[in-house]
Amino acid sequence: MERALRDRSAEGEAAGVLVGTALNDDDAGFVEHWCVQVGTRAVPGSPRLGLAGLCLGHAARRFGHLSDEARALAESLAARAEVDPLDVDGRALDGYDDVRSFLHLW
């Protein structure tokens with residue numbers, strides 16, 4: 001994953017690894033760590049931003065918990081997606097909906 005984050009040509013590989021991790025890995029801390037890493041290190045306009053938000057939603061659904069940092073990132077990515085979908089794509093909105101729903105933040 002670290003290599004994929006540094007190498008923009010590995011965009012597809014990074015996406016596949018992040019989604020696979022969010023959906024299948026049983027270590028909540030590990031999943032959250034990589035979602036946050038991707039969501040904070042990707043450049044504006046990168047599809048990785050929306051994907052990180054979506055995967056934070058998967059983590060909230062699977063584990064029923066996110067750190068304050070991860071919740072804040074999910075909220076920030078969703079807000080950015082609402083303002084400019086060319087900055088962060090709409091998957092971040094879907095992910096934040098899951099975060100709010102599964103963590104009872106309505």
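Helix axes here are lines fitted to C-alpha atoms over the stretch in contact, and angles run from 0 to 180 degrees between N-to-C directions. The helices themselves are DSSP runs of H or I with at least four residues, numbered from the N terminus.

Colleagues, this is a predicted model, in which local features need pLDDT of at least 70 and side-chain atom pairs count only at pLDDT 80 or more, while totals for chains, interfaces and linings use all residues. Residues are numbered from 1 along each chain as its sequence is written, and side-chain values use heavy atoms, with hydrogens and water left out.

I begin with a helix pair. Helix 2, residues 11-24, packs against helix 4, residues 47-63, at an angle of about 10°, and their axes are 8 Å apart. The two helices are therefore roughly parallel, a term for angles under 35 degrees. Contact means heavy atoms within 4.5 Å; on the helix 2 side the contact includes Leu18 and Val19, and on the helix 4 side Leu51 and Cys55. The residues of this contact divide into 10 nonpolar, 3 polar and 4 charged.

Beyond its neighbours within four places in sequence, alanine 92 is in contact with Gly50, Gly53, Leu54, Leu77, Ala78 and Ala81.

Finally, histidine 104 lies in the segment after helix 6. Its relative accessible area is 69%, so histidine 104 is exposed (over 50%). The phi of histidine 104 is near 55°, a positive value in a residue other than glycine.

Terms used: Buried means under 20% relative accessible area, exposed over 50%, partly exposed in between (1.4 Å probe, protein chains only). Angles under 35 degrees count as roughly parallel, over 145 as roughly antiparallel, 65 to 115 as roughly perpendicular and the rest as oblique. Ala, Val, Leu, Ile, Met, Phe, Trp, Tyr, Cys and Pro count as nonpolar, Asp, Glu, Lys and Arg as charged, and the others, Gly among them, as polar.
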